[in-house]
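Hi,

Here is the structure I promised to pass on to you. Have a look first, and my notes follow below.

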Amino acid sequence: QVQLVESGGGLVQPGGSLRLSCATSGLPFTTFIPVSMAWFRQAPGKEREFVGAIKWPGINTYYGDSVKGRFTISRDNAEKTVYLQMDRLKPEDTAVYSCAAKYGTDLQTGGYDYWGQGTQVTVSS
């Protein structure tokens, strides 16, 4: 019943920008049940890496060290959508980016139960 659908991936040049979207459904985004939303990425042959997370409801955000200062996570409450704005992209950012969700907000970097299929981001000249 829970569905997460990413979009916005593509091919960009180094130094460029890209905005990813994660449309959600089936999650109880209410004031009574806390939900954490996050972005992860995984490159071929590498482990999945935490990118950023945001509390729902709430506005607290947390970022992985490799993307701090370059990526920004935000949300649209009405549309139940989480965004990942990626700026000053590097070839090392090339990966499949997935959004994730979990109940609770204590730990932002792990423990996610629901995942989208992912969207490919390729940074290359």
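How many bridges join strand 9 to strand 10? Two bridges join them, and the two strands run antiparallel. Strands here are DSSP runs (E, at least two residues; helices are H or I, at least four), numbered from the N terminus, and two strands pair if DSSP finds at least two bridges between them.

Before going on, a word on the source: this is a predicted model, in which local features need pLDDT of at least 70 and side-chain atom pairs count only at pLDDT 80 or more, while totals for chains, interfaces and linings use all residues. Residues are numbered from 1 along each chain as its sequence is written, and side-chain values use heavy atoms, with hydrogens and water left out.

Seven of the nine residues in strand 9 are buried, where buried means under 20% relative accessible area, exposed over 50%, and partly exposed in between (1.4 Å probe, protein chains only).

Next, the disulfide. Counting cysteine sulfur pairs within 2.5 Å, the model has one disulfide. Cys 22 is joined to Cys 99, with 2.1 Å from S to S, and the link is right-handed, with 60 degrees about the S-S bond. Cys 22 sits in strand 3 (residues 18-25) and Cys 99 in strand 9 (residues 95-103), so the link ties together parts that are 77 residues apart in sequence. Both Cys 22 and Cys 99 are buried.

Gln 108 counts as buried because its relative accessibility is 15%. Its side chain makes a polar contact of 3.5 Å with that of Ser 36; such a contact is a pair of N or O atoms within 3.5 Å, where within protein one must be able to donate a hydrogen and the other to accept it, and residues adjacent in sequence count only if both atoms are side-chain atoms. Leaving out residues up to four places away in sequence, Gln 108 touches several others, including Ala 38, Phe 50, Tyr 62 and Lys 102, with contact meaning heavy atoms within 4.5 Å.

Best wishes
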